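Biologist: I would like to learn how to read helix packing in a model. Could you take me through it?

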Amino acid sequence: MTVTTEAVIIGGGVMGTSILYNLVSRGVKSPILLERDTLGSGSTGRSSGAIRMHYSTEVNARLAWESLKIFRDWDSMVGGGQVGFVKTGYMVFVPDDAKDAFRQNIEMQQKVGIATEIVSMQEARELAPAFRLDESEAFAWESESGHGDPSATALAYSTRARESGARVILESPATRVEITAGRVSAVETANERYETSTAVIATGPWSSRFLTHLGIKLPLKPTRHEVILLRRTTDAIPNHPGGGDMSNLIYFRPEGPDLTLVGNGNREEEANPDAYNPRATMDFVQDIWGRLAKRLPGIEDAELFTGYAGLYTTTPDLHQVVDKVDGIEGLYICTGFSGHGFKLAPAIGVAVSELILEGDAKLLDISSLRMSRFAEGDLNSTRYSFKVIA
Ligand SMILES: Cc1cc2nc3c(=O)[nH]c(=O)nc-3n(C[C@H](O)[C@H](O)[C@H](O)COP(=O)(O)OP(=O)(O)OC[C@H]3O[C@@H](n4cnc5c(N)ncnc54)[C@H](O)[C@@H]3O)c2cc1C
């Protein structure tokens, strides 16, 4: 069967659904989203959901800040369901040798308008008494940051998009994008053909593989990352804010009344998105729990609640690719979000819809996310030498 539509989005993670919603709400008629499996079945459903602003580059700091405004005011700006935004505040910890980069980052973030400030050890202690702090470290406090629910966000975007006429088709892997005379002419699945002049590839960890049939080679690597949740004894640690801890190379956040989620930035391995181990390993549990205990004394007595692994889509500069494809009219790529796509998704949806409809992103300059930067050797600088926070 052949269907004709103005746009096809390939991939039903938080990116694809955000783009779908933003296109339909800007007047695109009946766009279609094709999802291989179920909504959120890729990275989105395994995301830790942290929403923090600390980045080294203006582009990601601005995307995070613009997105936070949407998360905070979700009901009036998007709607379609609860996305579970919880403001906990977020503390950034850096070791002595990263202080220069840290100060430059905070200065840039403050220019963007982000609510962040460097705080003294005494102030940090008052803000978050549960943390063990070291005199050699520096600390920043983001009062507005917190976390949300990535799967619920994808669902809310798709619900709102469908209410406005979009179609979301599950269990329908796109098999190819058809190009005719240098332009997108259709997207195909095993059983259907969707005639369209616009296709957006938002296929997360499957992107590198999917792009092959188009002859597009990008350094996109699916990498496996583990996370655990611990049930605290609330006598020892009643509560704590979120944190990006570059001394111990972990990030963490509270979940509900007594759980603490913890993940890391320095353990990763390349993985096959169709066949990776989705469970946490004992080695990881031991390592990460020990590291968290250095920051959060008392967590040694917690109970292991659960653990799992998911996939990042990693690029050499840990920055995403958001671009139109030169030489193929109507083809767009939105992938490679490493460990930070959830918190950027609301603004990315706006920027990509502007790119498609107006030829350029108006919300902010996204030229540093162009696909040609790898071949040009013009990578984004992450300032830090570690990967917990890019
Ligand atoms: C363990 C972990 C922790 C994380 N923590 C955070 C965090 O705290 N904060 C944060 O901001 N980010 C975090 N992230 C990153 C964030 O989750 C991702 O960057 C984001 O979810 C990427 O969304 P996406 O839509 O690009 O990809 P995905 O969610 O992977 O979506 C891609 C979709 O495309 C579908 N697909 C693939 N191929 C096809 C095809 N041929 N046809 C149709 N559909 C196809 C897939 O099934 C999938 O559903 C974390 C990620 C992981 C794994």
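Biologist: What is the handedness of the crossing of H1 and H9?
Modeller: A crossing is left-handed if the near helix is turned anticlockwise from the far one by less than a right angle, and right-handed if clockwise. The crossing of H1 and H9 is right-handed. Helices (H or I, at least four residues) and strands (E, at least two) are DSSP runs, numbered from the N terminus. This is a predicted model: local features need pLDDT of at least 70, side-chain atom pairs count only at pLDDT 80 or more, and totals for chains, interfaces and linings use all residues. Residues are numbered from 1 along each chain as its sequence is written.

Biologist: At what angle do H1 and H9 pack?
Modeller: Axes are lines fitted to C-alpha atoms, for helices over the stretch in contact, and angles run from 0 to 180 degrees between N-to-C directions. For H1 and H9 the angle is about 40 degrees, and the axes are 8 Å apart. Angles under 35 degrees count as roughly parallel, over 145 as roughly antiparallel, 65 to 115 as roughly perpendicular and the rest as oblique. H1 and H9 are therefore oblique.

Biologist: Which residues of H1 meet H9?
Modeller: Contact requires C-beta atoms, placed from the backbone, within 7 Å. The H1 residues include Val 14, Ser 18 and Tyr 21, and those of H9 include Gly 341, Ala 345 and Ile 356.

Biologist: How do H1 and H6 cross?
Modeller: The axes of H1 and H6 (residues 150-163) come within 8 Å and cross at roughly 25 degrees. The two are therefore roughly parallel, and their crossing is left-handed.

Methods: Two residues are in contact if their C-beta atoms, placed from the backbone, lie within 7 Å.
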